[in-house]
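I am opening a page for this structure. The entries below record what I looked up, in the order I looked.

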Amino acid sequence: MTYAATVFTSAEWVVEWLWVAAVVGPLAYAYRTSTSVAMGVTVSVLLGSVVQVLWGMLAQWGTVDVWVWYDAVLVPSRAFEPAFLHTLVTAGFLHAQNDLMHVLGNVIILALVGVPLEQRLGRSRFTVVYVVGLLGGSITWVIFNSGSNIHALGASGAAFGLLGAYLSGWPKD
């Protein structure tokens, strides 16, 4: 299987690395400074979406041609190939560029549920719950759509994993 990255122009590489920095930067900052991981994740999802909108603008101007996230989205038919295992995680930081309300919904859940959940669980257990939700959502998508070439992206699995954890731990809040 070919990779989209093999045909990137320099502008596409800049956008790709800008997205990586936008996603990894807030997470690294949260861990390095011992601040809220939930806010780091929230900012990562939001900044990643901003870079995706930037790509859309550059595509309209003719600066970029290749959809640079093709190698990062979750496609069930290739999800468990060794070269694409990373998509089980990276798809959770991508969103459709034309559906910013979906991004906003995920960001609201991540911030309003994630921060109090992290305060109650602590950063380590919160991180485990987030990763389980992220991987659980991705694996569930693959199981129910096995063999499909329709891609999945978004933080909904992780966001609703946090919501489920919060509701199961504190149902009367």
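Is Ile108 buried, partly exposed or exposed? I found Ile108 partly exposed, with a relative accessible area of 41%; buried means under 20%, exposed over 50% and partly exposed in between, with a 1.4 Å probe and protein chains only.

Before going on I noted the ground rules: this is a predicted model, where local features need pLDDT of at least 70 and side-chain atom pairs count only at pLDDT 80 or more, while totals for chains, interfaces and linings use all residues. Residues are numbered from 1 along each chain as its sequence is written, and side-chain values use heavy atoms, with hydrogens and water left out.

I placed Ile108 in helix H4, residues 100-121; helices are DSSP runs of H or I with at least four residues, numbered from the N terminus. Between Ile108 and Thr42 I read a C-alpha separation of 8.3 Å, at 66 residues apart in sequence. I also looked up Tyr70 and Ala5, which are 65 residues apart along the chain and have C-alpha atoms separated by 8.5 Å.

Entry on Tyr70 and Arg78. Tyr70 lies in the loop between H2 and H3 and is partly exposed at 34% relative accessibility. The charged end of Arg78 sits over the Tyr70 ring, 4.6 Å from its centre. The rule I used asks for NZ of Lys or CZ of Arg within 6 Å of the ring centre and within 35 degrees of the ring normal. Arg78 also lies over the face of Phe84, at 4.0 Å from the ring centre.

Entry on Thr90. Thr90 is in helix H3, residues 87-90, and is buried at 19% relative accessible area. A polar atom of its side chain lies 2.6 Å from the backbone oxygen of Ala72.

Entry on Ser34. I found Ser34 in the loop between helix H1 (10-33) and helix H2 (37-60), exposed at 57% relative accessible area. Its phi is positive, about 55 degrees, although Ser34 is not a glycine. Most residues other than glycine have a negative phi.

Entry on aromatic pairs. How many aromatic pairs are there? I count 4, taking rings of Phe, Tyr and Trp (its six-membered ring) as paired if their centres lie within 6.5 Å, with planes under 30 degrees apart called stacked, over 60 edge-to-face and the rest tilted. One of them joins Phe8 and Trp13, edge-to-face at 4.9 Å centre to centre with 70 degrees between the planes. Phe8 is buried at 11%, whereas Trp13 is partly exposed at 34%. Tyr166 and Trp170 have ring centres 5.6 Å apart and planes at 45 degrees, so I logged the pair as tilted. Tyr166 is buried at 14% and Trp170 partly exposed at 25%.

Entry on the largest pocket. Of the 14 residues that line the largest pocket, I noted Gly137, Ser138, Ala152, Gly154 and Gly157 as the closest to its centre. Helix H5 (123-144) and helix H6 (156-169) each supply at least two residues of the lining, and H5 gives the largest share, 4 residues.

Note on methods: 1 Å grid on protein atoms, 1.4 Å probe; cavity = no way out; pocket = protein on both sides within 12 Å on 5 of 7 lines; lining within 4 Å. Polar contact = N/O pair within 3.5 Å; in protein donor to acceptor, adjacent residues only side chain to side chain.
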